[in-house]
Structure formats: structure tokens, C-alpha cells
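Trainee: Could we go through this structure together? I would like to begin with one residue and then move to the whole chain.

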Amino acid sequence: MKPVRFAAVGLNHDHIYGQVNCLLRAGAELAGYFAEEDDLAAAFGARYPGAPQLDDRCRALEDPSIDLIVSAAIPDERAGLAIAAMRAGKDVMLDKPGMVTLKELAEVKAVQAETGRILSILYSEHFENRATVKAGELVAAGAIGKVVSVTGFGPHRLREATRPAWFFERRRYGGILVDIASHQCEQFLFFTGAETAEVLSASVANRAHPDRPGLQDHGDIHLATTDATGFIRVDWFTPDGLPSWGDGRLFLTGTDGTIELRKYIDIAGRPGTDHLFLTDRKGVTYIDCSQTALPYGDQLVSDIRYRTETAMPQARCFAAMEIALKAQALAEAQS
């Protein structure tokens, strides 16, 4: 069977490497890459020396042999690229956030409906995290009953000196709730099975970086559906002493049990990543999820071939961004 061929266009965030590797593991073929920035193109070419460098993004959009455009461009450029790619007959996989305004979301949704192309956002804290995938398997199997509460923490290390200028420009990265908390918004929908959620409250702030007025270093969201509630907290305050970029955690409360994830580090002492703690009527069980399979890449490749929605329903892809964008707007209106 002919492999799915993809091009990487827009290499501004290191998440592009996770996106590319996800597809390569699934047997897809990297057909080329393009970046406006010479240093980013050089770094990418060194990582994937067999892939041709393109001299214009149009080469990828116009090549009929390329099925998929993959991008981690500057966030405020992603929606425009996705629209151009879909209108050129390509499916699209974006880094989060897929768009930085509600207007962009509406435009992308309209073009996706018009063209019938796939627009997928690789929410890596779900699809590239083995503990989160395992938790999804357990919830689907009824291990904790019906999920009634989801709490997600997404702390990150700022690494201020290494960040490009756009990282500190609110209009370019979209705000902290759009940029980071869209991860947790998607997970809330996934674990509760809800199609959308009401934003009860939201806040953003710059607590400790007055020299970076465009930076929001802390944010939170309170969500609700008729059957579940959620709380999200994200920040740029991971201390340098933590041997990971962030102590990401997820807490699920069900009618018959609970699950806690320590996604990237167990500060209690267990080595490695992907730690899961299941509590039910029988007791407490620790599960090492480091060998859990990551199905997203294989599923997306299959979706591209067969026009299905197994990797992520299109509606949930958009709904997660809509919740994050509405929360961002509410938070800024109140600040």
C-alpha cells in the first residue's frame, strides 16, 4: 500500500519533532519541509537528513503526491496555513493551539466543512502521553464508573532566555489558556464524553514578569456540563530544580473510583514518566504506563486513507479550542 506522504511547513515550535516522529512511527513518509527561518530549517534538516528542503511552502501545497501538511508554525499563522492547505486538497495536523481567535476558529471550521478535509490538532499531553492514553483505556472499560470530575494541572518551565520574541507577544501565541490549557480542555471533553462545556470562570495574570508585559504566566478555568465539572490550572513556574519541564498531573473522579496521573515525573521517587494510580473498591493500584501504545499516529494515517474519524472526532478537535478561546476571552475581559 502506498504510504501516506506529509510535509512539515512551519517549524517554529519544537513540538514539530513530536508531530513528525508520531507520523514516522505510523509508517508515513516525510516528503519535505519548509521554514522561513534558516536556523530552524537547518536544525530540522540535521534531524531528518533524508528529507528534501522546499524553497517555498507552495511546493508542499501544490504537490499532488502529498496527503498531509504538518505544522508547528507561530500560533497566529497556523489557521491561515490550515485553510490554504485544506483548499489545496490536503489534510492538516497542527500543533496546539490550532488558532488564536474565535474568528480564526470560525473560518477554519467553515473551510473544513466546505472541503471535507481532516483538521487534526496533536494535543500532545493526551495523544503523546502514555499515562493519559492508559487512563482513557481504563475509563472506557468502566474502571472508575462514570467520570464526574476532571482536574488538570499543566505547569511549564519558562526557559526565558531561549524563547523567540513571538513567544512573549499575546496576539501571536494567543494567551496562556489558549496556548497551554487547550490541552486540558481537550482532555476534559475526552474523559467526560461531553461535546462541549460551559466556562463558569477563568482568569489569567502576569504574576512575576513585569518586564514581559505580553506574557501571561498563570491561568485557570472552571468548567461544567450537566454531568461533570472540571478545573484547569496552567503556569510558567516550573522551578529549575525539577528534572522535567513540568509536573503535569491529571485527576479523574468517577462514581466508582479515581485515577491520578503523574505524567512526566513522580516526585515521590519512582523513576521515569507515565505513572498512573488507580483507586477503586478493591484498593489502590500503581500502573507503570511506559509501555502503553500510542495509537494516534496509526489512527490518523488510517483516517487519511479511509476518511474516518478514529484518531479524534473532528467536532472534539474544534470544541476543545472553542472552550479555551472562550475562557481566554472571559479571563481577559475581567482582568
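**Contacts, burial and overall form**

Mentor: Leaving aside residues up to four places away in sequence, Q314 touches Q112, R117, I118, L119 and E309, where a contact means heavy atoms within 4.5 Å. This is a predicted model: local features need pLDDT of at least 70, side-chain atom pairs count only at pLDDT 80 or more, and totals for chains, interfaces and linings use all residues. Residues are numbered from 1 along each chain as its sequence is written, and side-chain values use heavy atoms, with hydrogens and water left out.

Trainee: Which helix is Q314 found in?

Mentor: Q314 belongs to helix α12, residues 314-334. Helices here are DSSP runs of H or I with at least four residues, strands are runs of E with at least two, and both are numbered from the N terminus.

Trainee: Is Q314 buried or exposed?

Mentor: Q314 is buried, at a relative accessible area of 10%. Buried means under 20% relative accessible area, exposed over 50%, and partly exposed in between, with a 1.4 Å probe and protein chains only.

Trainee: Changing topic, where is N12?

Mentor: N12 sits in the loop between β1 (5-9) and α1 (15-25). N12 counts as buried, because its relative accessibility is 14%.

Trainee: What does N12 touch?

Mentor: Not counting residues up to four places away in sequence, N12 touches E37, L40, A72, A73, I74 and W166. A polar atom of the N12 side chain lies 3.4 Å from the backbone nitrogen of I74.

Trainee: And how is helix α10 placed?

Mentor: Helix α10 (residues 182-192) has 9 of its 11 residues buried, so it is largely enclosed by the rest of the structure. Among the buried ones are H183, C185, F188 and F191. G193 follows α10 and has a positive phi, near 75 degrees.

Trainee: How many helices and strands does the protein have?

Mentor: The protein has 12 helices and 13 strands. Its radius of gyration is 19 Å, close to the 20 Å that the globule rule gives for 335 residues, so the protein is as compact as a globular protein of that length. The radius is taken over C-alpha atoms, and the rule is 2.2 Å times the number of residues to the power 0.38.

Trainee: What share of the residues is buried?

Mentor: Of the 335 residues, 56% count as buried. Among contacts between residues at least 6 apart in sequence, 69% join residues at least 24 apart.

Conventions. Polar contact = N/O pair within 3.5 Å; in protein donor to acceptor, adjacent residues only side chain to side chain.
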